[in-house]
Amino acid sequence: MNRQLAHLSDEALVALAARSEQTALAELYDRYGRTAYGLALRVLRDPVLAEDAVQEAFLAVWRTASRFMPEKGRASTWILTLVHRRAVDAVRHEQRRRTDSLELAAEPSVEGLEEDAWLRLQRERVQTALRHLPDAQREALELAYYGGFSQSELSERLGQPLGTIKSRMFTGLSRLREELGEPGTEISWTSTT
Amino acid sequence: MDFHDLTAAYALDALAPDEAEAYERHLSQCEECRNELAELGETAAALAFGTVAPAPPPRLRAVILEQAAAERTNVVPFLQRRWVARGMAIAAAAAACIVVGLAVALSQSNHTKSLSVAVGPNRTATIQVSGLSTAPHGKTYEAWIIPAGSTPRPAGLFAGGANSMLHLDGTVPKNAVVAVTLERAGGAKNGPTMAPILSATVS
C-alpha cells in the first residue's frame with residue numbers, strides 16, 4: 001500500500017482531494033474506511049447495504065471536499081458524519097425495521113478479528129465512557145446512533161415523553177463529551193504502519 | 001418549535017427529515033447552535049469508534065477509487081469561489097460594455113465555450129456550460145444524451161448565458177455522448193436539428 005501521504009493531516013488530505021488528488025482520497029479511506037464500514041454495518045446489519053453507505057459517503061467526500069471548512073471541525077468528524085447519515089437514511093428505508101424490536105443487534109464478536117492496536121484502544125475508550133453514563137442516557141444514545149431510531153420513534157417505543165428523550169440525548173452526549181475529553185486521550189489519527 | 005434542544009438529536013441523526021431540514025434552516029441563523037453542534041457532533045462521531053469494526057471487503061476500496069476517478073475525468077471542479085469570481089468578472093464586463101463596447105466584443109469572441117459533465121453513482125448527471133451567449137428570442141439550448149450506438153434522447157432545455165448548470169433528465173450510460181444544440185423554443189421534437197455546439201463523451 002502506498003502510504004506516501006501518511007504524514008499529512010486529515011484536513012490536508014481533504015484539501016488535496018478537493019484538487020482531484022486521488023491518492024489523498026485513498027489515504028483517507030485507509031484511515032477511516034474500516035471504522036466507516038464497522039459503523040455502517042452496526043447500523044444496517046447487512047454487509048451489502050453497509051458497503052453502499054460507505055461508498056456513497058466517500059464519494060460525497062470526493063465531490064464536496066472543496067466545501068469542507070477545517071475551521072468548523074475535524075475532517076474525521078465530517079467523514080464519519082457523512083457515513084452515519086447515509087447508514088441511518090438507508091436503515092429507515094428498510095421495511096423490516098418497522099417490525100423490529102428495540103433490541104440492538106448484538107455487537108459483532110471480537111473473536112478472531114484482526115484489529116490494529118489503535119482501533120482497539122479507541123473502541124475500549126469509547127465503550128468505557130459509555131459505561132460511565134446512567135443506563136437511560138446510554139440507551140438513548142445507543143438506540144439513536146447505532147440503531148438509527150429517531151427521537152419520535154424512541155419516544156413512542158420507550159413509552160417516554162419526547163422531552164424526556166431529548167434531554168437524555170443532550171445530557172448523555174454532553175456527559176460523554178466530558179468522559180472522552182480527558183487531556184491526552186483526544187482522538188486523533190496516527191500512523192500505525 | 002424550540003430548536004436549541006434539537007442539537008443533540010441532530011448530531012445523532014435522530015431527527016425526522018422534515019425536522020432536520022427545519023433545524024438546518026435555524027442553524028444558518030444561530031451561532032450558538034452552530035457552536036454547540038460543532039462540539040456535540042464531534043462527540044457523536046466518536047461513537048463511530050466505539051463499535052467493533054471488521055475489515056471491509058478489499059473490493060470496496062477499489063470500487064470507490066475507480067468511481068472517483070471516473071467522475072473527475074470529465075469534471076472541471078465546481079469550485080463555488082471560482083464561480084462567484086467569474087460571475088463578478090462578467091458583471092464588471094457587462095458594466096464596462098456600455099462604456100467601451102468594442103473592447104468587450106473582442107474579449108467575448110475570444111471566450112471559449114466549454115461543457116463539463118459530472119456523473120453521479122446512479123448515472124444521473126449535471127452539466128456545466130460556459131461561454132454560450134443567451135439563446136436568442138424564440139430559441140433555446142437543448143441538451144442531449146446519446147448512448148453509444150443509439151439515437152439522441154432529449155435531456156433538458158436551458159437559456160444559456162455565461163454559466164449554466166443543468167441537471168439532465170434521464171441517466172447517462174457509459175460511453176454516451178452528451179451534446180448541446182440550439183433549437184426552436186420548446187425544444188426539438190424529433191431529435192437535434194443541427195450539429196452539436198458542444199459535446200463530451202462520458203466514461
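Two residues count as being in contact when their C-beta atoms, placed from the backbone, lie within 7 Å. Everything below comes from a predicted model, where local features need pLDDT of at least 70, side-chain atom pairs count only at pLDDT 80 or more, and totals for chains, interfaces and linings use all residues. Residues are numbered from 1 along each chain as its sequence is written, with chains lettered from A and ligands numbered from 1 in the order in which they are written.

View 1. Chain A has eight helices and zero strands, so its elements read α-α-α-α-α-α-α-α from the N terminus on (helices are DSSP runs of H or I with at least four residues, strands are runs of E with at least two, and both are numbered from the N terminus). Take the contacts between residues at least 6 apart in sequence: in chain A, 67% of them join residues at least 24 apart. Of the 193 residues in chain A, 40% are buried, meaning that 20 or more other C-beta atoms lie within 10 Å of the residue's own.

**View 2. The side of chain A that touches chain B.** Chain A puts 57 residues into this contact and chain B puts in 42. The top contributor is α2(A), with eleven. By type, this side of chain A splits into 28 nonpolar, 17 polar and twelve charged residues (Ala, Val, Leu, Ile, Met, Phe, Trp, Tyr, Cys and Pro are nonpolar; Asp, Glu, Lys and Arg are charged; the others, Gly among them, are polar).

**View 3. α8(A) meets α3(B).** Here the axis of α8(A) comes within 9 Å of the axis of helix α3 (residues 31-46) of chain B, and the two cross at roughly 75° (axes are lines fitted to C-alpha atoms, for helices over the stretch in contact, and angles run from 0 to 180 degrees between N-to-C directions). That makes the pair roughly perpendicular, a label for angles of 65 to 115 degrees.

**View 4. A sheet in chain B.** Three strands make an open antiparallel sheet in the order β1-β2-β5, where pairing takes at least two DSSP bridges between two strands. At the edges stand β1 (114-119) and β5 (161-167) of chain B, each with a single partner strand, so one side of each lacks a neighbour in the sheet. The twist averages 10° from one strand to the next. Strand β2 (residues 125-132) of chain B pairs with β5(B) over six bridges, and S130(B) has N163(B) as its bridge partner in β5(B).

Note on methods
Buried ≥ 20, exposed ≤ 12 C-beta atoms within 10 Å, placed from the backbone. Parallel < 35°, antiparallel > 145°, perpendicular 65-115°, else oblique.
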